[in-house]
Amino acid sequence: YPGTTAAALDDVSIEIPTGSTLGLVGPTGAGKSTLIRLMLRQWMPQSGSLLWGGVPLADVALETLRAGMAWVPQEPILFSASVAENIALAKPGATRDEIVAAARHAAVDDDIRRLPQGYDTLVGERGITLSGGQRQRIAIARALLTDAPVLLLDDALSAVDTATQHRILGHLRAQRNPTMPLRFVGASSLR
């Protein structure tokens, strides 16, 4: 990172085979979010390589890369719009049935239906009218709506209770079927 001499990541090598799930666990500052930012090509490694389906990530068109990945950040971004509009941002023209299905898979449909206008309830800037867990699950629904081959969850269940986490993860295990592996190979370091 700027202003430091220590590498954020050093001597890291990860391969994620098609159809698999990888969970990275570690203390704050261990580099979990850094790996995700590298995968999204928000940052570029100073050394080493990132491959997606055997192709260097730097050679993949950014539009293609972003269409192939759905990302739920630690702090989900919601806009001053309805719940349905916030979910549908991932897929313009999505039908209400698609939006509801994504919300069910993210274990937030029941919460949404209890809101004053259900899916048409305005959530306010940054989702101010919702709990942290509801914001996270709406962001997960948005990601699921894309049906992208790669799903990146960056501490996206931190505000969700354990039973709900199990429901969401159970759905993800049953439904995710990536068509292309994402590999993080070689010694990568960021300073």
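So, where does Asp147 lie? Asp147 is in the loop between α6 and β5 (150–153).

What we have here is a predicted model, in which local features need pLDDT of at least 70 and side-chain atom pairs count only at pLDDT 80 or more, while totals for chains, interfaces and linings use all residues. Residues are numbered from 1 along each chain as its sequence is written, and side-chain values use heavy atoms, with hydrogens and water left out.

Okay, the overall layout. The protein has seven helices and six strands. Those are DSSP runs, numbered from the N terminus: H or I with at least four residues for helices, E with at least two for strands. Starting at the N terminus, the order goes β-α-β-β-α-β-α-α-α-α-β-α-β.

Next, the inside. Of the 191 residues, 43% are buried, where buried means under 20% relative accessible area, exposed means over 50%, and partly exposed is in between, using a 1.4 Å probe and protein chains only. Some of those residues form nonpolar cores, meaning sets of buried Ala, Val, Leu, Ile, Met, Phe, Trp, Tyr and Cys joined through side-chain atoms within 4.5 Å.

The largest core has 29 residues, and Ile87 and Tyr119 are among those with the most contacts inside it. β4 (69–72), α3 (83–88), α4 (96–105) and α6 (132–146) each supply at least two of its residues. The top contributor is α6, with seven. Apart from that core lies another one, of 17 residues, including Leu9 and Leu38.

Let's zoom in on Ile87. Leaving out residues up to four places away in sequence, Ile87 touches Ile99, Ala103, Ile112, Tyr119, Ile138, Ala141, Arg142 and Leu145. A contact, by the way, is heavy atoms within 4.5 Å. Across the protein, among contacts between residues at least 6 apart in sequence, 72% join residues at least 24 apart.

Now, back to our loop. Most residues other than glycine have a negative phi. Asp147 isn't a glycine, yet has a positive phi of about 55°. Asp147 counts as exposed because its relative accessibility is 60%. Arg41 is another non-glycine with a positive phi, near 65°, and Arg41 lies in the loop between α1 (32–39) and β2 (49–52).
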